[in-house]
Amino acid sequence: MISWEQITENNSPSKQAGAAVATDFQPEQQAEIGGNPDLIDSTQPVRAEDKRVVNGCSDINQLAPFKYPWAWKYFINANKNHWTPLDINMAQDIYDYKHKLTEAEIHLYENVLSYLTTSDILAMRNIGLAVMEKMTAPELQIYQARQVYEESLHTWTYQHCIESLGLNQGEVYNRYRVVPEINRKIQMANTRISSILRNDIDLSNSDELHNFILAYMFFAAVFEGVWFYNGFSPIFSLQRRGLMKGTAEQFQYIMRDEVMHCGFGIRVIQQILVENRITLDLKAIKDMWEEAEAAEASYAHYILKKPVLGYTANDHIEQFRFIANRRARQLGLVEPFPNATCALPWLDEQANIRKEKNFFETRVTEYQTGGLDWD
Ligand SMILES: [Fe+2]
Ligand SMILES: [Fe+2]
(Lines give C-alpha, C1' and ligand atoms only; values in the text may rest on other atoms or scores of the structure.)
(Ligands and ions follow the chains in the order given, each with its own letter.)
Protein backbone atom coordinates (compact mmCIF):
# COMPACT_ATOMS: atom_id res chain seq x y z
CA MET A 1 0.00 0.00 0.00
CA ILE A 2 1.31 3.41 -0.93
CA SER A 3 1.70 5.86 1.92
CA TRP A 4 1.35 9.22 0.21
CA GLU A 5 2.86 11.07 3.12
CA GLN A 6 5.78 8.63 3.29
CA ILE A 7 6.54 9.25 -0.36
CA THR A 8 7.54 12.76 0.55
CA GLU A 9 9.29 11.81 3.77
CA ASN A 10 11.33 9.02 2.18
CA ASN A 11 12.32 11.03 -0.87
CA SER A 12 13.70 13.89 1.16
CA PRO A 13 17.42 14.38 0.43
CA SER A 14 17.93 15.40 4.03
CA LYS A 15 16.57 11.98 5.07
CA GLN A 16 18.76 10.15 2.61
CA ALA A 17 21.97 12.12 3.02
CA GLY A 18 21.52 13.09 6.63
CA ALA A 19 21.98 16.75 5.71
CA ALA A 20 20.95 19.12 8.48
CA VAL A 21 20.02 22.22 6.54
CA ALA A 22 20.30 23.16 2.93
CA THR A 23 22.64 26.00 3.81
CA ASP A 24 25.34 23.39 4.54
CA PHE A 25 26.21 23.60 0.84
CA GLN A 26 29.94 23.78 0.12
CA PRO A 27 30.99 25.86 -2.91
CA GLU A 28 33.38 23.20 -4.23
CA GLN A 29 30.39 20.86 -4.72
CA GLN A 30 29.30 22.95 -7.66
CA ALA A 31 32.27 21.86 -9.77
CA GLU A 32 31.30 18.22 -9.27
CA ILE A 33 27.73 18.89 -10.33
CA GLY A 34 28.68 20.42 -13.66
CA GLY A 35 26.39 23.01 -15.18
CA ASN A 36 29.04 25.22 -16.71
CA PRO A 37 27.43 26.27 -20.00
CA ASP A 38 30.80 27.00 -21.60
CA LEU A 39 31.80 23.35 -21.25
CA ILE A 40 28.62 21.77 -22.69
CA ASP A 41 28.71 20.78 -26.36
CA SER A 42 25.19 20.91 -27.82
CA THR A 43 26.08 18.35 -30.50
CA GLN A 44 27.00 15.69 -27.95
CA PRO A 45 24.57 13.34 -26.17
CA VAL A 46 23.07 14.71 -22.96
CA ARG A 47 25.01 13.83 -19.82
CA ALA A 48 23.02 13.52 -16.60
CA GLU A 49 25.68 15.38 -14.66
CA ASP A 50 25.20 18.46 -16.85
CA LYS A 51 21.52 18.83 -15.90
CA ARG A 52 20.52 21.41 -13.35
CA VAL A 53 17.15 22.33 -11.84
CA VAL A 54 17.46 25.97 -12.92
CA ASN A 55 19.95 27.77 -15.16
CA GLY A 56 20.90 24.49 -16.85
CA CYS A 57 22.18 24.30 -20.41
CA SER A 58 21.66 20.65 -21.35
CA ASP A 59 19.05 19.69 -23.96
CA ILE A 60 15.64 20.13 -22.31
CA ASN A 61 13.99 17.87 -24.91
CA GLN A 62 15.85 14.69 -23.94
CA LEU A 63 14.34 12.84 -20.99
CA ALA A 64 17.09 10.34 -20.18
CA PRO A 65 19.65 9.86 -18.80
CA PHE A 66 17.95 11.02 -15.61
CA LYS A 67 19.76 13.18 -13.15
CA TYR A 68 16.65 13.31 -10.98
CA PRO A 69 15.14 9.78 -11.11
CA TRP A 70 13.01 10.63 -8.07
CA ALA A 71 11.12 13.15 -10.24
CA TRP A 72 10.20 10.39 -12.72
CA LYS A 73 9.03 8.23 -9.79
CA TYR A 74 6.78 11.07 -8.67
CA PHE A 75 5.22 11.09 -12.15
CA ILE A 76 4.66 7.32 -12.09
CA ASN A 77 3.17 7.46 -8.58
CA ALA A 78 0.94 10.42 -9.48
CA ASN A 79 -0.67 8.31 -12.18
CA LYS A 80 -1.73 5.77 -9.55
CA ASN A 81 -4.13 8.33 -8.08
CA HIS A 82 -6.43 8.78 -11.03
CA TRP A 83 -10.07 9.70 -10.83
CA THR A 84 -12.59 12.23 -12.08
CA PRO A 85 -15.28 13.88 -9.95
CA LEU A 86 -17.92 12.05 -11.98
CA ASP A 87 -16.75 8.75 -10.46
CA ILE A 88 -18.17 9.65 -7.06
CA ASN A 89 -21.84 9.59 -6.16
CA MET A 90 -23.01 12.96 -4.82
CA ALA A 91 -26.70 12.07 -4.31
CA GLN A 92 -26.48 11.75 -0.53
CA ASP A 93 -24.60 15.07 -0.29
CA ILE A 94 -27.51 16.82 -2.00
CA TYR A 95 -29.89 15.40 0.61
CA ASP A 96 -27.51 16.22 3.48
CA TYR A 97 -27.03 19.78 2.30
CA LYS A 98 -30.76 20.43 1.94
CA HIS A 99 -32.07 18.55 4.96
CA LYS A 100 -29.34 17.76 7.49
CA LEU A 101 -26.71 20.51 7.66
CA THR A 102 -27.16 23.25 10.23
CA GLU A 103 -26.80 26.90 9.28
CA ALA A 104 -23.30 26.88 10.81
CA GLU A 105 -22.35 23.77 8.83
CA ILE A 106 -23.60 25.29 5.57
CA HIS A 107 -21.53 28.40 6.30
CA LEU A 108 -18.50 26.19 6.94
CA TYR A 109 -19.01 24.01 3.86
CA GLU A 110 -19.62 26.85 1.40
CA ASN A 111 -16.71 28.97 2.57
CA VAL A 112 -14.27 26.07 2.55
CA LEU A 113 -15.40 25.30 -1.01
CA SER A 114 -15.05 28.95 -1.99
CA TYR A 115 -11.52 29.19 -0.59
CA LEU A 116 -10.40 25.91 -2.13
CA THR A 117 -11.64 26.61 -5.63
CA THR A 118 -9.84 29.94 -5.82
CA SER A 119 -6.72 28.38 -4.32
CA ASP A 120 -6.52 25.59 -6.85
CA ILE A 121 -6.66 27.99 -9.76
CA LEU A 122 -3.80 29.90 -8.16
CA ALA A 123 -1.90 26.64 -7.64
CA MET A 124 -2.37 25.75 -11.32
CA ARG A 125 -1.14 29.17 -12.47
CA ASN A 126 1.82 29.04 -10.13
CA ILE A 127 3.19 25.70 -11.23
CA GLY A 128 2.21 26.00 -14.91
CA LEU A 129 3.13 29.60 -15.60
CA ALA A 130 5.61 30.73 -12.95
CA VAL A 131 7.56 27.61 -11.96
CA MET A 132 7.59 25.02 -14.74
CA GLU A 133 9.15 27.26 -17.40
CA LYS A 134 12.12 27.93 -15.11
CA MET A 135 12.99 24.24 -14.76
CA THR A 136 15.81 23.09 -17.05
CA ALA A 137 15.50 19.30 -16.70
CA PRO A 138 12.63 17.53 -18.52
CA GLU A 139 11.98 14.97 -15.78
CA LEU A 140 11.04 17.87 -13.50
CA GLN A 141 8.79 19.50 -16.07
CA ILE A 142 6.97 16.24 -16.83
CA TYR A 143 5.83 15.78 -13.24
CA GLN A 144 4.89 19.46 -13.08
CA ALA A 145 2.83 19.06 -16.28
CA ARG A 146 0.93 16.30 -14.48
CA GLN A 147 0.57 18.63 -11.51
CA VAL A 148 -0.97 21.33 -13.72
CA TYR A 149 -3.51 18.78 -14.93
CA GLU A 150 -4.25 17.71 -11.36
CA GLU A 151 -4.84 21.29 -10.22
CA SER A 152 -7.34 21.76 -13.03
CA LEU A 153 -8.97 18.45 -12.06
CA HIS A 154 -9.31 19.77 -8.51
CA THR A 155 -11.01 22.91 -9.80
CA TRP A 156 -13.40 20.70 -11.79
CA THR A 157 -14.11 18.77 -8.58
CA TYR A 158 -15.14 21.90 -6.67
CA GLN A 159 -17.24 23.03 -9.64
CA HIS A 160 -18.88 19.59 -9.70
CA CYS A 161 -19.74 19.96 -6.00
CA ILE A 162 -21.11 23.46 -6.55
CA GLU A 163 -23.20 22.30 -9.53
CA SER A 164 -24.42 19.15 -7.79
CA LEU A 165 -25.71 21.12 -4.82
CA GLY A 166 -27.16 23.89 -6.97
CA LEU A 167 -25.18 26.63 -5.22
CA ASN A 168 -25.13 30.16 -6.56
CA GLN A 169 -21.93 30.01 -8.62
CA GLY A 170 -21.43 33.73 -8.94
CA GLU A 171 -21.78 34.20 -5.21
CA VAL A 172 -19.51 31.29 -4.24
CA TYR A 173 -16.77 32.18 -6.72
CA ASN A 174 -16.84 35.84 -5.76
CA ARG A 175 -16.61 35.18 -2.03
CA TYR A 176 -12.81 35.32 -1.87
CA ARG A 177 -13.01 38.90 -3.11
CA VAL A 178 -15.55 40.12 -0.55
CA VAL A 179 -14.70 38.08 2.56
CA PRO A 180 -11.54 39.60 4.10
CA GLU A 181 -10.64 36.41 5.97
CA ILE A 182 -10.54 34.43 2.71
CA ASN A 183 -9.02 37.27 0.73
CA ARG A 184 -6.09 37.54 3.17
CA LYS A 185 -4.86 34.04 2.34
CA ILE A 186 -5.40 34.51 -1.38
CA GLN A 187 -3.48 37.78 -1.34
CA MET A 188 -0.48 36.11 0.29
CA ALA A 189 -0.39 33.69 -2.62
CA ASN A 190 -1.01 36.43 -5.18
CA THR A 191 1.94 38.42 -3.87
CA ARG A 192 4.26 35.42 -4.14
CA ILE A 193 3.17 34.43 -7.63
CA SER A 194 3.36 38.01 -8.88
CA SER A 195 6.97 38.24 -7.75
CA ILE A 196 8.04 35.31 -9.96
CA LEU A 197 5.54 35.55 -12.83
CA ARG A 198 7.63 38.11 -14.71
CA ASN A 199 9.50 37.70 -17.98
CA ASP A 200 12.53 39.71 -16.82
CA ILE A 201 13.64 37.29 -14.08
CA ASP A 202 17.30 36.27 -14.20
CA LEU A 203 17.80 33.29 -11.90
CA SER A 204 21.58 33.60 -12.20
CA ASN A 205 21.10 36.64 -9.98
CA SER A 206 21.27 35.37 -6.39
CA ASP A 207 18.61 37.76 -5.09
CA GLU A 208 16.20 36.69 -7.83
CA LEU A 209 16.97 33.03 -7.22
CA HIS A 210 16.46 33.45 -3.48
CA ASN A 211 13.08 35.08 -4.10
CA PHE A 212 12.12 32.25 -6.45
CA ILE A 213 13.09 29.66 -3.83
CA LEU A 214 11.00 31.39 -1.18
CA ALA A 215 8.03 31.68 -3.52
CA TYR A 216 8.23 27.98 -4.43
CA MET A 217 8.71 27.16 -0.75
CA PHE A 218 5.58 29.12 0.09
CA PHE A 219 3.48 27.28 -2.49
CA ALA A 220 4.85 23.80 -1.78
CA ALA A 221 5.25 23.88 2.00
CA VAL A 222 2.64 26.42 3.14
CA PHE A 223 -0.02 26.70 0.46
CA GLU A 224 -0.15 23.03 -0.55
CA GLY A 225 1.65 21.41 2.37
CA VAL A 226 -0.37 23.00 5.17
CA TRP A 227 -3.22 25.18 3.93
CA PHE A 228 -4.47 22.53 1.52
CA TYR A 229 -3.53 19.59 3.71
CA ASN A 230 -5.49 21.06 6.62
CA GLY A 231 -8.00 22.81 4.38
CA PHE A 232 -10.01 19.66 3.80
CA SER A 233 -10.29 18.73 7.47
CA PRO A 234 -13.51 20.71 8.20
CA ILE A 235 -15.23 18.62 5.51
CA PHE A 236 -13.64 15.43 6.85
CA SER A 237 -15.10 16.32 10.26
CA LEU A 238 -18.56 16.34 8.66
CA GLN A 239 -17.76 13.03 6.96
CA ARG A 240 -16.85 11.51 10.34
CA ARG A 241 -20.41 12.31 11.43
CA GLY A 242 -21.86 10.71 8.28
CA LEU A 243 -22.40 14.01 6.42
CA MET A 244 -21.26 15.17 2.95
CA LYS A 245 -19.43 11.89 2.36
CA GLY A 246 -19.26 12.32 -1.42
CA THR A 247 -17.52 15.68 -1.11
CA ALA A 248 -15.17 14.23 1.49
CA GLU A 249 -14.28 11.32 -0.77
CA GLN A 250 -13.49 13.75 -3.58
CA PHE A 251 -11.28 15.72 -1.20
CA GLN A 252 -9.41 12.57 -0.14
CA TYR A 253 -8.24 12.13 -3.72
CA ILE A 254 -7.25 15.79 -3.92
CA MET A 255 -5.40 15.56 -0.63
CA ARG A 256 -3.24 12.71 -1.91
CA ASP A 257 -2.30 14.80 -4.94
CA GLU A 258 -1.44 17.75 -2.73
CA VAL A 259 0.80 15.67 -0.47
CA MET A 260 2.80 14.72 -3.55
CA HIS A 261 2.88 18.29 -4.87
CA CYS A 262 4.23 19.41 -1.53
CA GLY A 263 6.85 16.67 -1.36
CA PHE A 264 8.00 17.25 -4.91
CA GLY A 265 8.31 21.01 -4.41
CA ILE A 266 10.34 20.55 -1.24
CA ARG A 267 12.64 18.11 -3.05
CA VAL A 268 13.14 20.56 -5.92
CA ILE A 269 13.94 23.38 -3.51
CA GLN A 270 16.53 21.27 -1.73
CA GLN A 271 18.13 20.33 -5.03
CA ILE A 272 18.34 24.00 -6.05
CA LEU A 273 20.09 24.72 -2.77
CA VAL A 274 22.61 21.94 -3.41
CA GLU A 275 23.33 23.24 -6.91
CA ASN A 276 23.59 26.96 -6.12
CA ARG A 277 25.44 29.18 -3.69
CA ILE A 278 22.45 30.51 -1.80
CA THR A 279 22.18 31.26 1.91
CA LEU A 280 18.58 31.14 2.97
CA ASP A 281 17.19 34.14 4.82
CA LEU A 282 15.88 32.27 7.85
CA LYS A 283 14.23 35.41 9.24
CA ALA A 284 12.20 35.75 6.02
CA ILE A 285 11.12 32.10 6.33
CA LYS A 286 10.14 32.58 9.97
CA ASP A 287 8.11 35.65 8.97
CA MET A 288 6.43 33.60 6.21
CA TRP A 289 5.27 30.96 8.69
CA GLU A 290 4.00 33.57 11.15
CA GLU A 291 2.15 35.47 8.44
CA ALA A 292 0.61 32.21 7.25
CA GLU A 293 -0.42 31.28 10.80
CA ALA A 294 -2.08 34.67 11.36
CA ALA A 295 -3.99 34.39 8.08
CA GLU A 296 -5.05 30.83 8.90
CA ALA A 297 -6.24 31.83 12.37
CA SER A 298 -8.36 34.63 10.93
CA TYR A 299 -9.79 32.24 8.31
CA ALA A 300 -10.52 29.55 10.93
CA HIS A 301 -12.44 31.94 13.16
CA TYR A 302 -14.49 33.09 10.15
CA ILE A 303 -15.47 29.66 8.81
CA LEU A 304 -16.22 28.49 12.37
CA LYS A 305 -17.74 31.66 13.77
CA LYS A 306 -20.71 29.58 14.92
CA PRO A 307 -20.10 26.23 16.67
CA VAL A 308 -19.94 23.04 14.62
CA LEU A 309 -20.14 19.72 16.41
CA GLY A 310 -16.74 18.05 16.76
CA TYR A 311 -14.60 20.74 15.16
CA THR A 312 -13.29 24.04 16.54
CA ALA A 313 -11.23 26.95 15.24
CA ASN A 314 -8.62 26.24 17.89
CA ASP A 315 -8.27 22.64 16.66
CA HIS A 316 -7.84 23.92 13.11
CA ILE A 317 -5.19 26.47 14.10
CA GLU A 318 -3.24 24.05 16.27
CA GLN A 319 -3.23 21.49 13.46
CA PHE A 320 -1.84 24.20 11.16
CA ARG A 321 1.09 24.65 13.55
CA PHE A 322 1.62 20.89 13.89
CA ILE A 323 1.74 20.27 10.13
CA ALA A 324 3.84 23.43 9.60
CA ASN A 325 6.50 21.86 11.83
CA ARG A 326 6.41 18.71 9.70
CA ARG A 327 6.95 20.69 6.50
CA ALA A 328 9.80 22.66 8.08
CA ARG A 329 11.48 19.39 9.11
CA GLN A 330 11.09 18.07 5.55
CA LEU A 331 12.86 21.20 4.35
CA GLY A 332 15.65 20.58 6.85
CA LEU A 333 14.78 23.76 8.74
CA VAL A 334 13.86 24.48 12.35
CA GLU A 335 10.27 24.00 13.46
CA PRO A 336 8.40 27.33 13.45
CA PHE A 337 6.00 26.29 16.24
CA PRO A 338 7.99 23.98 18.56
CA ASN A 339 5.24 23.38 21.11
CA ALA A 340 2.48 22.49 18.65
CA THR A 341 0.54 19.29 19.22
CA CYS A 342 -1.52 17.09 16.89
CA ALA A 343 -5.08 18.34 17.35
CA LEU A 344 -6.61 16.13 14.64
CA PRO A 345 -4.97 12.71 14.94
CA TRP A 346 -7.33 11.27 12.31
CA LEU A 347 -6.23 13.68 9.58
CA ASP A 348 -3.17 11.76 8.33
CA GLU A 349 -5.32 8.67 7.84
CA GLN A 350 -7.31 10.55 5.21
CA ALA A 351 -4.22 10.84 2.99
CA ASN A 352 -3.36 7.16 3.27
CA ILE A 353 -6.68 5.37 2.80
CA ARG A 354 -6.59 3.09 -0.21
CA LYS A 355 -9.52 4.11 -2.37
CA GLU A 356 -9.10 2.56 -5.80
CA LYS A 357 -11.35 -0.41 -5.10
CA ASN A 358 -14.16 1.92 -4.11
CA PHE A 359 -14.49 3.20 -7.67
CA PHE A 360 -16.37 0.02 -8.49
CA GLU A 361 -18.72 0.48 -5.55
CA THR A 362 -19.54 4.18 -5.73
CA ARG A 363 -18.95 5.34 -9.31
CA VAL A 364 -22.06 6.58 -11.04
CA THR A 365 -20.93 6.77 -14.66
CA GLU A 366 -19.24 4.42 -17.09
CA TYR A 367 -15.74 5.16 -18.34
CA GLN A 368 -15.71 6.13 -22.01
CA THR A 369 -12.78 4.35 -23.61
CA GLY A 370 -14.01 4.62 -27.17
CA GLY A 371 -16.51 6.27 -29.45
CA LEU A 372 -15.17 9.82 -29.08
CA ASP A 373 -16.58 12.27 -31.59
CA TRP A 374 -13.85 14.60 -32.86
CA ASP A 375 -16.14 16.78 -34.97
FE1 LIG B 1 -4.81 21.22 -6.11
FE1 LIG C 1 -1.31 21.24 -5.65
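**View 1. The contact of H10 with H14.** Ala-221, Gly-225, Val-226, Tyr-229 and Asn-230 of H10 meet His-316, Gln-319, Phe-320, Ile-323, Ala-324, Arg-327 and Leu-331 of H14. Contact requires C-beta atoms, placed from the backbone, within 7 Å. The residues of this contact comprise seven nonpolar, four polar and one charged. Nonpolar covers Ala, Val, Leu, Ile, Met, Phe, Trp, Tyr, Cys and Pro; charged covers Asp, Glu, Lys and Arg; the others, Gly among them, are polar. H10 and H14 (residues 313-331) pack at about 145 degrees, axes 9 Å apart. Axes are lines fitted to C-alpha atoms over the stretch in contact, and angles run from 0 to 180 degrees between N-to-C directions.

The model is predicted: local features need pLDDT of at least 70, side-chain atom pairs pLDDT 80 or more, while totals for chains, interfaces and linings use all residues. Residues are numbered from 1 along each chain as its sequence is written, with chains lettered from A and ligands numbered from 1 in written order.

**View 2. Helix H12.** H12 spans residues 245-275. Helices are DSSP runs (H or I, at least four residues), numbered from the N terminus. At 1.5 Å a residue, its 31 residues should span 45 Å, and the end C-alpha atoms are 45 Å apart, which agrees. The expected span is 1.5 Å times one less than the number of residues. Of the 31 residues, 30 are buried (20 or more other C-beta atoms within 10 Å of a residue's own).

**View 3. Tyr-216 and its neighbours.** Tyr-216 touches Val-131, Gly-265, Val-268 and Ile-269, leaving out residues up to four places away in sequence.

Terms used. Helix = DSSP H or I, 4+ residues; strand = E, 2+ residues; numbered from the N terminus. Buried ≥ 20, exposed ≤ 12 C-beta atoms within 10 Å, placed from the backbone. Contact = placed C-beta atoms within 7 Å.
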